[in-house]
Amino acid sequence: MFNKKIFISLIVFSILMTFTSIIKTKTRIIEKNVLTYEKKIANLQNHLYEAELDYYYLSSPKIISENIIEYSDEEYSSVDYSKIYFSLDQFLNEQKKSTKSFINEKEIKKK
Amino acid sequence: MNKKKVQNLLLMKKKSRKNKNFNKNQKSFYFEDYIETNLKQKDRSKSFISEDRIYILFFFFFCLITIFSIKITSISFQEPQFLQGKKNNKFFLPLRRDITDRNGDLISRNIRSYHAAIKPGLIKDKEKFLLNIKLNFPEISQDQLKKKLLNDKYFYLKKRLSAEEENKLFLLGEKGIIFESMQSRIYPHAELYSHILGQIDDDNYGISGVEKYFDNELKDLKKIKEPLRLTLDTNLQYLVKKELEQSIEDFKAIGAAGLLMNIQTGEVLSLVSLPDYNINLRNDISHSDYTNKITKGIFELGSIFKTFTIALALEKNLFTPDTVIKNIPNNIKCSKYTISEHDELPNDLSVKEILVRSSNIGSALIAKDIGEESYKNFLNKLKLLNTLEFELNEMGNPIDFRWDKCKLETVSYGHGITTTPLQAAAAYAAMTNGGYLVQPSLRLDKTQDINMERVISNETSKEINLMLREVVTSKHGTASLANVFGFDVGGKTGTAKKNFYGEYSNKKLNTFISVFPMYKPSYVLLVLLDEPKPAPELVYDYRGQKITTKRNESGWNSVYVAGKIIKKIGPILAINNDEVYNNHVVKKIN
């Protein structure tokens with residue numbers, strides 16, 4: 001009644017069967033995960049693609065200048081090299097010049 | 001039993017007879033238990049079968065495991081789809097490459113967009129649908145829509161939907177609205193590059209500007225992930241545009257243009273033509289005011305030609321910068337025309353002073369000494385008389401003219417000769433970079449031809465640079481307003497009267513071509529103002545004094561604008577300010 005060899009064969013068969021089915025299931029799960037991640041990546045990629053466009057629009061010099069004017073309390077202005085003084089004498093000389101030109105402006109207005 | 005034994009013996013005998021290998025001389029023998037042997041053999045053959053089965057099983061499962069292992073390995077080695085650049089539904093694959101500026105800032109990109117089409121058969125309540133459309137899209141004509149709905153044919157309700165419009169239509173929940181997927185081109189800087197980028201049609205074919213010139217390259221699917229990089233700089237472009245817009249306001253001009261170019265490589269860093277337009281709106285622009293003034297505009301640019309006249313005279317060793325030309329009259333008759341000066345000038349002027357003080361008659365006299373043929377050849381060499389090769393289809397072709405009587409004299413100071421500002425700037429680059437012709441270019445990775453053609457010697461170029469600097473620094477110079485501290489600007493002004501149908505009007509076209517820094521010429525900046533008016537309210541900082549004026553020459557508007565632009569773009573171009581460095585920066589000894 002009890003056939004040892006058939007029993008061994010069956011055990012081997014069932015072990016291999018279980019092992020294979022585990023591998024098969026794992027593969028399927030991995031594959032599904034890969035597909036899910038690919039979908040997610042695709043979504044993110046597409047979002048990033050359009051967000052980049054928004055970024056370049058929002059960080060364009062025009063928009064930044066407009067936003068600074070609208071939202072910032074600081075007033076930004078470019079400084080000329082000629083307005084940077086390296087000594088008190090230089091500053092005083094420049095002040096004299098400005099006064100002169102102010103007088104000239106008055107003269108211009110008088111004329 | 002006996003019977004059985006006899007039978008067995010007979011059988012043995014028969015067997016022994018059958019056995020061919022029967023040895024007659026065999027002396028020993030043994031008894032074989034046939035029953036046991038047979039059983040053993042049976043067992044052995046059974047165990048062989050069983051082993052074979054196990055082997056087959058092992059082999060079968062081994063194959064299965066191998067297949068799955070291969071699958072797992074292949075999945076792990078598989079390159080993600082989004083990196084493959086293949087067309088599929090999940091990953092958006094643009095039909096055209098991106099365009100970026102030299103810093104990698106995006107200036108043009110394709111995005112997924114939709115057309116809204118209608119299948120009238122699927123709309124149950126047409127009255128309700130019409131009402132919804134009227135509420136959400138009042139600009140769509142109700143009568144036409146009604147007609148189309150009754151026609152029962154598939155039609156487009158609205159093309160190139162914005163995200164907001166798409167949402168509105170989607171929320172209507174109408175089955176009959178079909179969203180047709182398509183791609184549209186977006187320009188994040190809107191009007192900033194309108195004259196350069198151009199536009200594409202609904203089928204993604206470039207129809208103007210860079211989009212047209214590089215159409216095949218932009219559609220190359222092999223390079224679809226790589227952007228096309230242009231030489232332009234968004235920050236510089238914005239600053240130039242902003243100053244030019246301000247200048248239109250200050251001088252009430254009808255238009256303005258600016259060009260910034262590297263004089264060694266020909267790379268165009270900024271190209272602005274005003275008025276401009278928002279390219280995202282895809283309006284049909286046909287008015288001549290919207291012409292690209294830098295590449296397509298053909299103008300008489302006036303006195304900027306004097307630089308070419310004097311450069312050629314120096315190159316031919318006819319004069320030195322200090323050669324004095326005596327008794328220059330205040331006006332001369334040339335055929336039926338009278339050539340006069342714009343201002344009262346001394347009768348004796350050196351060649352250098354002729355350029356610095358912009359003497360028309362002085363230039364005409366020098367040109368006479370050069371001769372017509374040489375002068376013509378020189379202008380041809382400078383590529384001022386023919387259409388320039390450039391990466392835009394919108395290129396102007398200088399008006400052809402006959403070199404008849406008096407033409408040489410007038411051309412010598414830029415009268416009666418037309419060219420595009422781009423050509424003039426390229427010629428100035430050649431004058432100041434040591435004498436090499438440069439090819440203006442918009443493409444960043446394009447390498448300049450090493451065997452560049454030389455038009456003047458290095459010595460002549462150096463002389464010209466000194467003179468151009470004096471135009472800005474000399475008290476008689478016409479471009480004092482561009483003397484920006486630290487940037488060593490040199491240049492030449494050009495004030496020309498506009499010509500309408502062969503008649504000169506009082507409307508002006510003022511140009512200033514500047515080169516900076518003159519101690520190591522690197523950039524050429526051209527500023528052009530179209531029909532500027534005097535700005536008496538504007539206070540100029542003129543040679544240390546604040547003054548107002550009603551004058552309307554280039555020196556009082558184009559030069560002023562160029563000075564303001566250089567002040568702003570200079571630090572971005574990272575020009576070493578030698579004046580500051582040499583005088584104020586303490587050198588590190590160690």
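Predicted model: local features only at pLDDT ≥ 70, side-chain atom pairs only at ≥ 80, totals over all residues.

Trainee: OK, how is chain B divided into domains?

Mentor: You get domain 1, covering 99-230, and domain 2, covering 238-584. Their C-alpha centres lie 43 Å apart.

Trainee: And how many residues does the contact take from each domain?

Mentor: Domain 1 of chain B gives 18 residues and domain 2 of chain B gives 19 residues.

Trainee: Which elements give two or more residues on the domain 1 side?

Mentor: On the side of domain 1 of chain B that touches domain 2, those are helix 7 (194-197) and helix 8 (209-213) of chain B. The residues of that side divide into nine nonpolar, five polar and four charged.

Trainee: Switching to helices. At what angle do helix 11 and helix 17 of chain B pack?

Mentor: Helix 11 (residues 306-315) and helix 17 (residues 458-473) of chain B pack at about 140°, and their axes are 9 Å apart. That angle makes helix 11 of chain B oblique to helix 17 of chain B.

Trainee: Is the crossing of those two left-handed or right-handed?

Mentor: The crossing of helix 11 and helix 17 of chain B is right-handed.

Trainee: Which residues make the contact?

Mentor: Helix 11 of chain B brings Thr307(B), Ala311(B), Leu314(B) and Glu315(B), while helix 17 of chain B brings Thr460(B), Glu463(B) and Ile464(B). By type, the residues of this contact split into three nonpolar, two polar and two charged.

Trainee: Now the sheet. What's the strand order?

Mentor: Chain B has an open sheet of five strands in the order 7-6-14-13-12, with antiparallel pairing. Strand 7 (268-274) and strand 12 (490-500) of chain B each have a single partner strand, so they stand at the edges with one side left without a neighbour in the sheet. The twist averages 15° from one strand to the next.

Trainee: How many bridges do strand 6 and strand 14 pair over?

Mentor: Strand 6 (residues 255-262) and strand 14 (residues 523-530) of chain B pair over eight bridges, in the antiparallel sense. Asn262(B) stands opposite Tyr523(B) in strand 14 of chain B.

Trainee: Last one: which strands does helix 10 touch?

Mentor: Helix 10 (residues 234-251) of chain B packs on the sheet and touches strand 6, strand 7 and strand 14 of chain B. Its direction makes about 30° with that of strand 7 of chain B. Helix 16 (residues 421-432) of chain B packs on the sheet too, touching strand 6, strand 13 (503-516) and strand 14 of chain B. The direction of helix 16 makes about 150° with that of strand 14 of chain B.

Notes:
Residues numbered from 1 in each chain as written. Chains lettered and ligands numbered in written order. Domains from an automatic or database assignment. Contact = placed C-beta atoms within 7 Å. Helix = DSSP H or I, 4+ residues; strand = E, 2+ residues; numbered from the N terminus. Nonpolar A, V, L, I, M, F, W, Y, C, P; charged D, E, K, R; others polar. Axes fitted to C-alpha atoms, helices over the stretch in contact; angles between N-to-C directions. Parallel < 35°, antiparallel > 145°, perpendicular 65-115°, else oblique. Left-handed = near helix turned anticlockwise from the far one by under 90°. Pairing = 2+ DSSP bridges.
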